[in-house]
Amino acid sequence: MSTNITWHSGLTRQERSELRKQKGCTVWFTGLSASGKSTIAIALEQHLLHLGLATYRLDGDNVRFGLNKDLGFSPKDREENIRRIAEVAKLFADSTTIALTSFISPYKADRQIARDLHSDTKNTDSPLPFIEVFIDIPVEEAEKRDPKGLYKKARAGEIKEFTGISAPYERPENAEIHIHSEKTSVEEAVVIITKHLEEKGLLKVGGS
């Protein structure tokens with residue numbers, strides 16, 4: 001860890017928010033593979049962009065093949081994967097962008113680290129909103145969907161440490177939003193999340 005660095009202050013988050021006419025936050029999707037996390041996140045991103053809000057989605061396609069391409073799927077690597085994602089999401093949120101993260105993030109401790117990073121005010125003027133969205137689905141239903149055939153490979157022993165089969169998934173206990181994806185359409189999920197963001201004042205123009 002570098003010690004010979006100095007934090008340089010600039011615009012306050014409120015000033016940046018007023019200039020960009022938007023507030024930043026992180027919407028953290030968690031759930032089993034094939035639960036519908038990415039599908040819902042993609043639809044939410046499109047909806048928010050149509051509303052004129054700066055939004056960016058982080059998922060395996062743009063993180064695992066770049067920033068985190070050096071990481072595997074061991075518990076230690078999963079922890080580092082989530083830590084890096086949380087740091088990047090925080091930067092997006094601090095820039096007054098709505099960051100959407102779509103990752104299994106199976107461990108409670110790792111998700112808590114992400115939440116704590118956003119609540120840290122050591123080098124800033126206020127905590128950043130962090131909304132955990134639990135996309136809940138029975139593993140049996142996820143296996144039926146299995147668009148990439150991952151569950152089948154995991155059952156056959158071809159994929160080691162696969163969440164829900166040979167590796168644990170620790171369910172969120174106090175997620176801000178809990179969606180049962182086998183009972184809720186993508187459109188309904190987007191409405192639920194958008195309503196929550198509106199109620200929290202995160203979709204208001206002008207940063208007020």
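**View 1. I135 and its surroundings in a predicted model.** Leaving aside neighbours within four places in sequence, I135 is in contact with F29, T30, G31, L32, S35, G36, K37, I40, I179 and S181; contact here means heavy atoms within 4.5 Å. I135 sits in strand 4. Helices (H or I, at least four residues) and strands (E, at least two) are DSSP runs, numbered from the N terminus. I135 counts as buried because its relative accessibility is 1%; buried means under 20% relative accessible area, exposed over 50%, and partly exposed in between, with a 1.4 Å probe and protein chains only. L58 is 77 residues from I135 in sequence, and their C-alpha atoms are 16 Å apart in space.

A word on reading these views: this is a predicted model, where local features need pLDDT of at least 70 and side-chain atom pairs count only at pLDDT 80 or more, while totals for chains, interfaces and linings use all residues. Residues are numbered from 1 along each chain as its sequence is written, and side-chain values use heavy atoms, with hydrogens and water left out.

**View 2. The largest nonpolar core.** Look here for a core of 22 residues, in which V27, F29, I98, V133, I193 and L197 have the most contacts. A nonpolar core is a set of buried Ala, Val, Leu, Ile, Met, Phe, Trp, Tyr and Cys residues joined through side-chain atoms within 4.5 Å. Which elements give two or more residues to this core? They are strand 1 (25–30), helix 2 (37–50), strand 3 (98–102), strand 4 (130–136), strand 5 and helix 8 (186–199). Helix 2 provides the largest share, five residues.

**View 3. I193 and a second core.** Apart from its neighbours within four places in sequence, I193 is in contact with V27, F29, I40, L44, V133, I177 and I179. A second, separate core has 12 residues, including A89, F103, A114 and L117.

**View 4. Helix 4 from end to end.** Helix 4 (residues 75–94) has 20 residues and reaches 28 Å from its first C-alpha to its last, close to the 28 Å expected at 1.5 Å a residue. That expected span is 1.5 Å times one less than the number of residues. Which residues of helix 4 are buried? They are R78, N81, I82, R84, I85, A86, A89, K90 and A93. Helix 4 is followed by T96, which has a positive phi near 70°.

**View 5. The largest pocket.** This pocket has a volume of about 950 Å³. Of the 31 residues that line the largest pocket, S33, G60, I104, K148 and L150 lie nearest its centre. On a 1 Å grid over the protein atoms alone, a pocket is an open set of points where a 1.4 Å probe fits, with protein on both sides within 12 Å along at least five of seven lines, and lining residues have an atom within 4 Å of a point. Grid points are joined across faces, edges and corners, and the volume is the space filled by probe spheres set on them. Helix 2, helix 3 (60–63) and helix 4 are the elements that give two or more residues to the lining.

**View 6. Two residues with positive phi.** Most residues other than glycine have a negative phi. D146, although not a glycine, has a positive phi of about 30°. D146 is found in the loop between helix 6 (139–145) and helix 7 (150–155), and D146 is buried because its relative accessible area is 15%. E161 is not a glycine either, yet has a positive phi of about 55°. E161 lies in the loop between helix 7 and strand 5 (177–180) and is partly exposed, with 36% relative accessibility.

View 7. K69, in the loop between helix 3 and helix 4, is exposed, with a relative accessible area of 65%.
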